[in-house]
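Thanks for coming. I will go through one structure today, starting with how its parts meet and ending with a single residue.

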Amino acid sequence: MKQTPDIRPARGKLGVLTPGLGAVATTMIAGVLAVRKGLAKPIGSLTQMQTIRLGKRTDARAPLIKEFLDLASLDDLVFGAWDPIPDNAYESALKAGVLKREDLEPIADELRAIEPMPAVFDTDYVKKLDGPNVKQGANKRELAEQLREDIRRFKQEHGLDRVVMVWCGSTEVFLRPGPAHQTLEAFEKAMEENDPSIAPSMLYAYAAIMEGVPYANGAPNLSADIPALEQAAIERGVPICGKDFKTGQTLMKTVLAPAFKARMLGLRGWFSTNILGNRDGEVLDDPASFKTKEESKLGVLEHILQPKMYGDLYGDIYHKVRINYYPPRGDDKEGWDNIDIFGWLGYPMQIKVDFLCKDSILAAPIVLDLAIFLDLAHRAGMNGIQEWLSFYFKSPQTAEGLYPEHDLFIQHRKLKNTLRWMGGEEPITHLGLEYYE
Ligand SMILES: NC(=O)c1ccc[n+]([C@@H]2O[C@H](COP(=O)([O-])OP(=O)(O)OC[C@H]3O[C@@H](n4cnc5c(N)ncnc54)[C@H](O)[C@@H]3O)[C@@H](O)[C@H]2O)c1
């Protein structure tokens, strides 16, 4: 096994930059500020609340993850963002309508102080949005250089020790990896030539990696999921991960599908539909952005159920995902699933799931955990794709030739065993024969 890494201590302040200061980013920031003041609990966050079992079941050693490893503390986080819409974090949080005004008031001054930097934004990639707070530059490379300057200035102005970046911007139109994405040279040349295959999110990812800033992508667009940026991340010792936060319906799907497979129950069809009325829903109302999301949501069943291996059970599945923009609901999404399964002798059964969730409430702790775990990985000298963070994503980024692991329980075990390994502890296999010897 690879040797346990030496981890640099989490000394000083950690900057958390988000391209996008919308519903998810402001819910995360407001939450951290409220928790710091003792006004709320960080529910949903592994870095803040979860324990980790070490050694045998009989050892009774189960510290909090944050006590087991040296993680950045919430008090040391400093937030910054870019957004084409100039609203500060307080105004944006109010407009997003996720958190109540009475919960925002006690932290209003701190939120108002977070004003978005001008964004690299182009309506060719997000068609349903526009805003005036946008950078100008002769070409995409120049725009990326401006982002790099922003990162350096942010670090200097706040006296930060380290910085991480989590994409909380809108979902961009669907792009396939092409020639411009294969090598760093091709990518840089394409930026200079304003090649349309270079989306704004890629410029943020490039700027982060070149500045030695770990990068996570919370949306399904490619961003850092291209060979040029993966290679650059390895060469510069920068951890990266993505894509698309796994929050509501897909979280449930990656819990239920492994249960069907574990019990060898067949699946005939899975129809998933959503209504949501937030800005994200509006952006996804554009077919090109929806296509990016759809691809991300559809992949999970195939990888969990392995139809090639289990043709009788999963060889003929009808899988459909719909997202409907429905303004009255705001951030209160409703996700319905109708699942047609079959059991012994092929007898059919149905399961219905109706998840009345709050999208940004589910996403906020993910952003926080990713920021803190990416910083840990960076201090531990881990670079390139961080597959152990697949737990948080709908479309986990993996090394070339490796299929992604979507089963939430496998992902969770992988995450915790990676933490055990980082802390010099044995991984837990759950074999457990020793208790009966
Ligand atoms: N909330 C969830 O459960 C969830 C789950 C998975 C993925 N996501 C993704 O997270 C992202 C954020 O979601 P949200 O609900 O906060 O959306 P939102 O629309 O409230 O916020 C996104 C913000 O990004 C800004 N933006 C767009 N392009 C940008 C650019 N190039 N640079 C900087 N800012 C840019 C927009 O102006 C907007 O303010 C979306 O892509 C969404 O698909 C959310």
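This is a predicted model: local features need pLDDT of at least 70, side-chain atom pairs count only at pLDDT 80 or more; totals for chains, interfaces and linings use all residues.

Next, the ligand. Which residues come nearest to it? Of the 37 residues around the ligand, they are Gly20, Gly22, Val24, Ala219 and Arg279. The elements that give two or more residues to this shell are α1 (23-36), α12 (279-283) and α15. The largest share, four residues, comes from α15. By class, the shell has 21 nonpolar, 11 polar and five charged residues. Both domains take part, since the shell draws at least three residues from each of domain 1 and domain 2.

Now the cores. The largest nonpolar core has 105 residues, and those with the most contacts inside it are Ile29, Val166, Leu203, Val367 and Leu370. Helix α15 turns up again here: the largest share of this core, 13 residues, comes from α15. This core, too, draws at least three residues from each of domain 1 and domain 2. Take Leu370 as an example. Not counting residues up to four places away in sequence, Leu370 touches Val166, Ala216, Leu389 and Tyr392. There is also a second, separate core of 10 residues, which includes Leu267, Val300, Ile304 and Leu313.

On to the strands. Six of them form an open sheet, in the order β2-β1-β3-β4-β5-β10, with parallel pairing. Which strands are at the edges? They are β2 (77-82) and β10 (384-385), each of which pairs on one side only. Strand β5, residues 239-242, is joined to β10 by two bridges, and the two run parallel. Within that pair, Pro239 stands opposite Gly384 in β10.

Other strands pair as well, and β6, residues 266-276, has two partners to look at. With β8, residues 332-342, strand β6 pairs in the antiparallel sense over nine bridges. Asn274 stands opposite Gly335 in β8. With β7, residues 318-325, strand β6 pairs in the parallel sense over eight bridges. In β7, the bridge partner of Thr273 is Arg322. One general point to keep in mind when you look at strands: in a regular strand the side chains alternate between the two faces of the sheet.

Last, a single residue. Leu14 lies in strand β1, residues 14-19. Is Leu14 buried or exposed? Leu14 counts as buried, because it has 23 C-beta neighbours inside 10 Å, and 20 or more is the cut-off for that label. Leaving aside neighbours within four places in sequence, Leu14 is in contact with Ala72, Asp76, Leu77, Leu160, Asp161, Arg162, Val164 and Asp375. For a sense of distance, compare Leu14 with Lys333: they are 319 residues apart along the chain, and their C-alpha atoms are separated by 32 Å.

Technical notes:
Residues are numbered from 1 along each chain as its sequence is written. A residue is near a molecule or strand if its C-beta atom, placed from the backbone, lies within 6 Å of it. Ala, Val, Leu, Ile, Met, Phe, Trp, Tyr, Cys and Pro count as nonpolar, Asp, Glu, Lys and Arg as charged, and the others, Gly among them, as polar. Domain bounds come from an automatic or database domain assignment. A nonpolar core is a set of buried Ala, Val, Leu, Ile, Met, Phe, Trp, Tyr and Cys residues joined through C-beta atoms within 7 Å. A residue is buried if 20 or more other C-beta atoms lie within 10 Å of its own, exposed if 12 or fewer, and partly exposed in between; C-beta atoms are placed from the backbone. Two residues are in contact if their C-beta atoms, placed from the backbone, lie within 7 Å. Two strands pair if DSSP finds at least two bridges between them.
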